[in-house]
Each structure stands twice: as structure tokens, then as C-alpha cells.
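User: Hi! Could you walk me through this one? I'd like to start with some strand pairing.

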Amino acid sequence: MDNELKIVRREQSARSRQHRGVLTQVIYECDALEILRTEMEIGSACDSPEFGDFSAVHFVIGGTPVFRTSHQSANLMPGDSIIFNDERPYTILNGAPSRSVILSVLFKTLASEIRA
């Protein structure tokens, strides 16, 4: 049988983790991209290095997180998205009185092509 199923449980992925009020789960991973679901508790924060050195699109599913770079910040609401194409660091903060949920798509091949 040539087509064997390969099941990778989310909890087995190296990128699934819970740290400082931020729970990150890998939903899908392949050579080209990763899709992450991140839940942020009230008052929590995470930095871009936690997502790796990749271009990213973040979609806000719930809550009102703030995305901050060294020069500007953006308050997002459910349905909003933000794109980071360069390697400048950014921080995601959840100062809202409720949990924030973010769906992130990390483009791994784009980052490796830029470095090459």
C-alpha cells in the first residue's frame, strides 16, 4: 500500500505550547506553511520570535488584541487581519477584558526564498 496515513497529533508538535497566558496550537503544518491558533488570556503578550522567522498573516477571531512594532500599533477586532512581510519584530498584546483568539498563517517557503 503506497498511500499510508501519517497522523501527527497537535500536542506532538514542537510549536504547540502554553506559556505566560498564551496557548498556541498547531492546526496544520507542511513544508510551505504553518497554521496556528493562539488564545491569549487577559493581560498576556507574545513576541514575533515565538512564531519563528516567517512572513505571517494574523486573523483575529475573538477579542481585541493590539499588534505593536517599534514605530506603530494597531488595535484589531474580530474579522480584522494584519500582515507582517519583513523580519522586524512585533508584539501582540491582549489588554482587553476578555480572551483574544488569533488564527495565524506562517509562510515558511517565503522566508527561505528571501534568505537565499
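Analyst: Happy to! Glutamine 25 has arginine 37, in strand 3, as its bridge partner. Keep in mind that this is a predicted model.

User: Which way do strand 2 and strand 3 run, and how many bridges join them?

Analyst: They run antiparallel, with seven bridges between them.

User: Nice. What does the whole chain hold in helices and strands?

Analyst: Ten strands and one helix. In sequence order the pattern reads β-β-β-β-β-β-β-β-β-β-α. Among contacts between residues at least 6 apart in sequence, 62% link residues at least 24 apart.

User: Changing topic: which residues touch the most other members of the largest nonpolar core?

Analyst: That core has 16 residues, and Met40, Cys46, Phe51, Phe67, Tyr90 and Ile92 are the ones touching the most other members. At least two core residues come from each of strand 2 (22-29), strand 3 (33-40), strand 5 (55-62), strand 8 (81-84) and strand 10 (100-107).

User: What does isoleucine 92 touch?

Analyst: Leaving out residues up to four places away in sequence, isoleucine 92 touches Met40, Ser44, Ala45, Cys46, Phe51, His58, Pro65, Val66, Phe67 and Ile102.

User: Is cysteine 46 buried or exposed?

Analyst: Cysteine 46 has a relative accessibility of 2%, so it counts as buried. Cysteine 30 is partly exposed, at a relative accessible area of 26%.

User: How many disulfides are there?

Analyst: Zero in this structure.

User: And how much of the chain is buried?

Analyst: Buried residues account for 35% of the 116 residues. The chain's accessible surface is about 7,400 Å², and carbon and sulfur atoms contribute 52% of that.

User: Before I set anything up, what's the average pLDDT?

Analyst: The chain averages 84, and 81% of the residues score at least 70.

User: Which elements have the lowest and highest mean pLDDT?

Analyst: Helix 1 (residues 108-115) has the lowest mean, at 56, while strand 9 (residues 91-93) has the highest, at 97.

User: Where does pLDDT stay under 50?

Analyst: Over residues 10-14. For that stretch the model has six contacts beyond four places in sequence.

Terms used
Residues numbered from 1 in each chain as written. Predicted model: local features only at pLDDT ≥ 70, side-chain atom pairs only at ≥ 80, totals over all residues. Heavy atoms only, no water. pLDDT = per-residue confidence, 0-100. Helix = DSSP H or I, 4+ residues; strand = E, 2+ residues; numbered from the N terminus. Contact = heavy atoms within 4.5 Å. Core = buried A, V, L, I, M, F, W, Y, C linked by side-chain atoms within 4.5 Å. Buried < 20%, exposed > 50% of the residue type's maximum accessible area, 1.4 Å probe, protein only. Disulfide = S-S within 2.5 Å. Areas by Shrake-Rupley, 256 points an atom, 1.4 Å probe, with all protein chains shown as cover. Pairing = 2+ DSSP bridges.
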